[in-house]
Amino acid sequence: MFSFNHQRNPYPITRNATFAKNGMVATSQPLAAQAGLDILKKGGNAIDAAIATAACLTVVEPTSNGIGGDAFAIVWVKDKLYGLNGSGRSPKSISLETIHKMGYEEIPKFGWIPVTVPGAPGLWADLSKKFGNLPLTEVLQPAITYASEGFPLSPTLGRYWNIAFKKFSELNGGPEFQAWFDTFAPKGRAPQVGEIWSSMDHADTLSEIAKTDAASFYHGSLAQKIDAFARQTGGFLRSEDLASHETEYVEPLNVHYRGYDVWELPPNSQGIVALQALNILNGFDFSERDHVDTLHKQIEALKAAFADGFNYVTDDDYMNIDPRELISKSYGELRRNQITDRAAKPEAGEPAMSGTVYLAAADSEGNMVSFIQSNYMGFGSGLVVPGTGISLQNRGHNFSNDPNHVNALEGGKRTLHTIIPGFITRKGQAIGPFGVMGGFMMPQGHVQLLMNTIDFGLNPQAALDAPRFQWLRDKTVEVEPRFAHHLAVELAERGHDIRIALEPNSFGRGQMIWRDPETGVMCGGTESRTDGSIASW
């Protein structure tokens, strides 16, 4: 059975861990979790449930993701682990020279310049074809129904919808932004908590994706609508960019951490940052979670890993090192030995030559899915393709504006990507999926969540509820308001610039499912910092 030392939650916020036998779906929105469970009960497997939940989230949590975003997945099927990279490339016609001529010294957050090809619809279709039990038309039906009939806004959703409305209202943007307001603020304001919001455009687009296995999005009428909108409003994205998109099957990378194998996707994903930090921490002994030495070493390891990530990680076709060098034992030891008892300024090392919504799903057959998708920065670029409900991502904002940087903006290139799904195995058997959304908080959330469970014996819910920290830059670290005051003081005495955050959601939203290989019993945790929910049976 589970080896957790604490079956109850020492950090109670809303709930204890959830246990089930037949199936489980954990995500940040109750309606989406229930949609995934309904698909399981109709004969779908964990993959079908994950797709249904992901599609539903584009409707019931558009403040974090959309049809026009990217997605990644790690899937366990029949005792084998698969990795899928569903990130899109920049338009072939864009370049640093082009945007400099337009007067931009930096890559903007909103508008057409940061828009990249959406990969989520293609990933749904590819997952369904290869691993699903049910047709995509049935799997996407819950999302279509919520889009056409509407749903009432939950509390956290309503809050961030209103924040986005104010942000886009202050942009003073051109006509290309009008469709966002038509779609997401049809009454001239953000919908309120408990108010019904619907979008027939969204429903029709999901129906077309389902009927064509996403072919319409990349080769058909939806692609033509995206192309036409870009041409009319000064965008770079073209039908040729969409037609050349493919979901990439990749081999997940792993590090062995205290008897467990922790898996992340390779670059352009930033999952390598979490693995590198764990590889560094692997050489230390930790006896207490709430101890300044534990927290200090976690922060320093993450700083070192991020410094390398920002310096080396990009589209794998452009990387000038083998990413496995970053997680080698020898390099981990080198970086570990650079950690002292004082806060250091993060600097990249030199390995040998040669950042959203998250969901976890599991079924009674042992299939498990770790799935993440995002538009980035909430609603993304602020652009919605008229008549479709497709909210386009702004993932290109993560490209570097330095032409000499490995992650420099180029046409047809994938940028360093923040969204990362995680997975744990032990002795060749699946333990389960985990993830924490939230830009560059994600690897930090992965490390804290895994250490909470593996090092300190917390069950998934307790591990998620535990107070978090977030390294921001240089020596600056934010902590949650309920973070222990004496620990914050002791970290400051070690040279960290400690700030108490006012916004709890900046520390990410996580989900986790652990499955006992012997009994098949699942133990799940969901994020208490948002409208998180676990649906199970």
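How many residues of helix α13 (residues 271-281) are buried? Keep that question in mind while you set up the viewer.

**Before you start**

You are looking at a predicted model, in which local features need pLDDT of at least 70 and side-chain atom pairs count only at pLDDT 80 or more, while totals for chains, interfaces and linings use all residues. Residues are numbered from 1 along each chain as its sequence is written, and side-chain values use heavy atoms, with hydrogens and water left out.

**Stop 1: helix α13**

Select residues 271-281. Here 11 of the 11 residues are buried, where buried means under 20% relative accessible area, exposed over 50% and partly exposed in between (1.4 Å probe, protein chains only). Helices (H or I, at least four residues) and strands (E, at least two) are DSSP runs, numbered from the N terminus. Among the buried residues of α13 are Ile272, Gln276 and Asn279. Now show the surroundings: the buried residues of α13 pack against β8 (253-257), β9 (260-264), α14 (292-312), α15 (329-337) and α16 (442-454). Contact here means heavy atoms within 4.5 Å.

**Stop 2: strand β9 and its neighbours**

Move to β9, one of the elements that α13 packs against. Five of the five residues of β9 are buried, so this strand is largely enclosed by the rest of the structure. Show the side chains: Tyr260, Val262 and Glu264 point one way, and Asp261 and Trp263 the other way. In a regular strand the side chains alternate between the two faces of the sheet.

Find His256, which stands opposite Asp261 in β9. The hairpin of β8 and β9 has two residues between the strands, and Arg258 takes a positive phi near 50 degrees there.

Next, select β14 (residues 422-426), which runs antiparallel to β9 and is joined to it by three bridges. Trp263 stands opposite Phe423 in β14, and the bridge partner of Val262 is Ile424.

**Stop 3: the whole sheet**

Zoom out to trace seven strands forming an open, antiparallel sheet in the order β1-β20-β19-β15-β14-β9-β8. At the edges stand β1 (18-20) and β8, each with a single partner strand, so one side of each is left without a neighbour in the sheet. From one strand to the next, the twist averages 20 degrees.

**Stop 4**

Now select α16, which lies across β8, β9, β14, β15 (429-437) and β19 (509-515), running at about 135 degrees to β15. Axes are lines fitted to C-alpha atoms, for helices over the stretch in contact, and angles run from 0 to 180 degrees between N-to-C directions.

Within α16, pick out His446. At 0% relative accessibility, His446 counts as buried. Residues that His446 touches include Glu264, Ala274 and Phe434. A polar atom of the His446 side chain lies 3.4 Å from the backbone oxygen of Ile420.

**Stop 5**

Finally, go to His202 in helix α9 (residues 200-212). At 1% relative accessibility, His202 is buried. Its side chain makes a polar contact with the side chain of Thr58 (3.2 Å); such a contact is a pair of N or O atoms within 3.5 Å, where within protein one must be able to donate a hydrogen and the other to accept it, and residues adjacent in sequence count only if both atoms are side-chain atoms. Among the other residues in contact with His202 are Val59, Trp197 and Thr388.

End at helix α2 (residues 46-60), where 15 of the 15 residues are buried, so α2 is largely enclosed by the rest of the structure.

Note on methods: Pairing = 2+ DSSP bridges. Expected span 1.5 Å × (residues − 1). Lists of a residue's contacts leave out its neighbours within four places in sequence.
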